[in-house]
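Reader: I've got a model open on my screen and I'd like to go through it. Could you walk me around?

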Amino acid sequence: MATLARNKVELAQVVSRDPEVHSGDLVFAGTRVPVETLVAYLIKGSSIEEFLLDFPTVERWQVESYLEFSPAALDHLRLDHASTA
């Protein structure tokens, strides 16, 4: 249970959702950059480095943490690549 609580705290530093920020979309914490933008970059074959250059308010550790915390995001990427291959 302690691990779950720690993960929730850590995840809150990575992403956030607030109806006042980007219409309540999931964004990287402390920014207005939607997580979906990262997913779109990766789906089209862009690198994390390209994403970070275009969105300098997002930290590398946030991207890496999001991908680590979110197996669903990785599954989404795998499925999309399989359908376009």
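Reader: Where does S23 lie?
Author: This is a predicted model, so to speak plainly about the ground rules: local features need pLDDT of at least 70, side-chain atom pairs count only at pLDDT 80 or more, and totals for chains, interfaces and linings use all residues. Residues are numbered from 1 along each chain as its sequence is written, and side-chain values use heavy atoms, with hydrogens and water left out. Helices (H or I, at least four residues) and strands (E, at least two) are DSSP runs, numbered from the N terminus. On that numbering, S23 sits in the loop between β1 and β2.

Reader: Is S23 buried or exposed?
Author: Buried means under 20% relative accessible area, exposed over 50%, and partly exposed in between (1.4 Å probe, protein chains only). S23 has 70% relative accessibility, so S23 counts as exposed.

Reader: What is phi of H22?
Author: H22 is in the loop between β1 (15-16) and β2 (27-28), and at 34% relative accessibility H22 counts as partly exposed. H22 is a residue other than glycine, yet its phi is positive, near 50 degrees.

Reader: How do the axes of α2 and α4 cross?
Author: Axes are lines fitted to C-alpha atoms, for helices over the stretch in contact, and angles run from 0 to 180 degrees between N-to-C directions. Those of α2 and α4 come within 12 Å and cross at roughly 85 degrees. Angles under 35 degrees count as roughly parallel, over 145 as roughly antiparallel, 65 to 115 as roughly perpendicular and the rest as oblique. That makes α2, relative to α4, roughly perpendicular.

Reader: Which residues in α4 do V35, L38 and L42 in α2 meet?
Author: Contact means heavy atoms within 4.5 Å. On that basis, the α4 partners of V35, L38 and L42 are V63, Y66 and L67.

Reader: Which residues does F55 touch, not counting those up to four places away in sequence?
Author: F55 is found in the loop between α3 and α4, and its relative accessible area of 23% makes F55 partly exposed. With sequence neighbours up to four places away set aside, F55 touches V33, T37 and Y41.
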